[in-house]
Amino acid sequence: MSEKPGRERKPKALGIILTFVAVAIGVAVVAILFHAQTYTSPVGTQVAKSVGTVTVNGQTLQHVTLAFNTYPDASGSVDGQAIHPGGNPSWPSYGPTNQFQVPAHALVTVTMRQYDSGGSLNNPWFATVRGTVGSVARINGRLVHAVNPNNVGHTFTVRGAPGTDPGFFVNVPLPAVPGNNQSDNGQYETVIFSFVSGSQGVYGWNCEYPCGTSVAGFGGPMSAFGYMSGFLHVV
Ligand SMILES: [Cu+2]
């Protein structure tokens, strides 16, 4: 009689240990999968270059510049190295980084080269330039208020994180270059625009053109951090 409880206790203890091991493995797998989602560009955060001061609507502001591109693949162009080392080279991507830093309440002039092809926006609302100085962008030398909603490669769309400058919003549609999606034909559209940065805080930016896979074009590069999304740090 006295042996029986002992025999029962052993399998029970083993079961508890196995349960712990299974849970630990599960947690580790989830942690590894989440870690694989993190992305840091080989060049880190691009800190805007100061180029002096400028007067905007009668106010003297610090003037800074940023320069980045959109590519039909993630295998260009940080000194010839992949923007996403070990990532999905066939996915379209912003580059060379997805993290930008600008001063608060400064004029930020962005110069972009858009190398990707594209198609139709889900919502033509994003074909209009919004939140830039004069609500315009200079595309291949021409000032425009909007682009053809059926010929968009990507958009650069910025809003504050919850609680950060809720009135801040910038949307710049980037016209597509001719050619097949995901193939770099070397052609690009030059897109230049300026906006006045908001108050200090973290802002998120993303693309609103369905350039991804599955989920109506909003999966893959559209949902994996770092290809079509990132942060604007206003300091
Ligand atoms: Cu995109």
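This is a predicted model: local features need pLDDT of at least 70, side-chain atom pairs count only at pLDDT 80 or more; totals for chains, interfaces and linings use all residues.
Residues count from 1 along each chain as written. Local features need pLDDT of at least 70, and side-chain values use heavy atoms, without hydrogens or water.

**Stop 1: the copper ion.** Select His154, Cys207, Cys211 and Met228. Their atoms ND1, SG, SG and SD are the protein donors, 2.1 to 2.5 Å from the copper ion. Donors are N, O and S atoms within 2.8 Å of the metal (3.2 Å for Na, K and Ca). Angles among the four donor atoms run from 92 to 126 degrees, and the site is tetrahedral (four donors, all angles between 85 and 135 degrees).

Stop 2: Keep His154 and Cys207. His154 sits in strand β11 (residues 152-160), while Cys207 is in the loop between β14 (201-206) and β15 (229-234), 53 residues apart. Strands are DSSP runs of E, at least two residues, numbered from the N terminus. Are these two buried or exposed? Both His154 and Cys207 are buried (under 20% relative accessible area; exposed is over 50%, partly exposed in between, with a 1.4 Å probe and protein chains only).

**Stop 3: the sheet.** Now show β1-β7-β15-β14-β11-β12, the order of an open sheet of six strands with mixed pairing. Two strands pair if DSSP finds at least two bridges between them. β11 and β12 are antiparallel over seven bridges. Across from His154, the bridge partner in β12 is Leu174.

**Stop 4: loop residues.** Select Ser214, in the loop between β14 and β15. Its phi is positive, about 40 degrees, though Ser214 is not a glycine. Ser214 is exposed, at 52% relative accessible area. Finish at His105, with a positive phi of about 50 degrees. His105 is partly exposed, at 46%.

Terms used: Four donors count as tetrahedral if all angles lie between 85 and 135 degrees; four count as square planar and six as octahedral if opposite donors are over 155 degrees apart and all others between 65 and 115; anything else is irregular. Helices (H or I, at least four residues) and strands (E, at least two) are DSSP runs, numbered from the N terminus.
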